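Please walk through this model with the text beside it.

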Amino acid sequence: ASDVYKRQVEEMLSSYKKMYRCHKSFIVNFDYIYKYNRTEIELNTGETVLISRRKYNEFCELYTRQLFE
């Protein structure tokens with residue numbers, strides 16, 4: 001998919017606090033995260049997606065907030 005399309009999807013999903021673009025190729029729903037480490041996120045479906053080094057700290061902060069809401 002083109003970068004323009006990806007940005008449009010990201011903008012549409014931005015109002016949903018549980019959605020996060022963790023990598024240029026992936027948007028994840030916090031409700032489906034099983035575990036994560038510095039390089040990847042494992043979903044409760046068994047799939048793994050990459051997490052950008054640049055976005056890791058922001059991801060941790062937002063995900064932690066979501067856990068306690």
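Contact here means heavy atoms within 4.5 Å. The model is predicted. Leaving aside neighbours within four places in sequence, Ile51 is in contact with Cys22, His23, Asn37, Arg38, Thr39, Glu40, Ile41, Tyr56 and Phe59.

Some of those names return in the core. The largest nonpolar core has 13 residues. Which of them touch the most other members? They are Cys22, Val28, Phe30, Ile33, Ile41, Ile51 and Phe59. Strand E1 (19-23), strand E4 (40-43) and helix H2 (56-67) are the elements that give two or more residues to this core. Helix H2 gives the most, with 4 residues. In soluble globular proteins, nonpolar side chains tend to be buried together.

Now follow helix H2 to Gln66, which has its place in this helix. Is Gln66 buried or exposed? Its relative accessible area is 14%. The cut-off for buried is under 20%, so Gln66 counts as buried. What does Gln66 touch, not counting residues up to four places away in sequence? The partners are Lys17, Lys18 and Phe30. Take Phe30, a member of the largest nonpolar core. Gln66 and Phe30 are 36 residues apart in sequence. In space, their C-alpha atoms are 7.5 Å apart.

Side chains of opposite charge can pair when their charged atoms come close. How many salt bridges are there? The count comes to 3. Lys18 forms one with Asp31, and the closest N and O atoms are 3.0 Å apart. Lys18 lies in the loop between H1 and E1. Asp31 lies in the loop between strand E2 (26-29) and strand E3 (33-36). The pair therefore ties together parts that are 13 residues apart in sequence. Both ends are partly exposed: Lys18 has a relative accessible area of 34%, and Asp31 has 46%.

Next come Glu42 and Lys35. Their side chains meet in a salt bridge at 3.8 Å, N to O. Glu42 counts as partly exposed, at 24% relative accessibility. Lys35 is partly exposed too, with a relative accessible area of 46%.

Helix H2 holds a further pair. The side chains of Arg65 and Glu61 meet in a salt bridge at 2.3 Å, N to O. Both residues lie in helix H2, 4 residues apart, about one turn of the helix. Arg65 is partly exposed, with a relative accessible area of 45%. Glu61 also counts as partly exposed, at 45% relative accessibility.

Finally, turn to the confidence scores. The protein chain averages a pLDDT of 89. At least 70 is the score of 99% of the residues. Which element has the lowest mean pLDDT, and which the highest? Helix H1 (residues 3-13) has the lowest, at 78. E4 has the highest, at 98.

Technical notes. Residues are numbered from 1 along each chain as its sequence is written. This is a predicted model: local features need pLDDT of at least 70, side-chain atom pairs count only at pLDDT 80 or more; totals for chains, interfaces and linings use all residues. Side-chain values use heavy atoms; hydrogens and water are left out. A nonpolar core is a set of buried Ala, Val, Leu, Ile, Met, Phe, Trp, Tyr and Cys residues joined through side-chain atoms within 4.5 Å. Buried means under 20% relative accessible area, exposed over 50%, partly exposed in between (1.4 Å probe, protein chains only). pLDDT is the predictor's confidence in each residue, from 0 to 100. A salt bridge is a side-chain nitrogen of Lys or Arg within 4 Å of a carboxyl oxygen of Asp or Glu.
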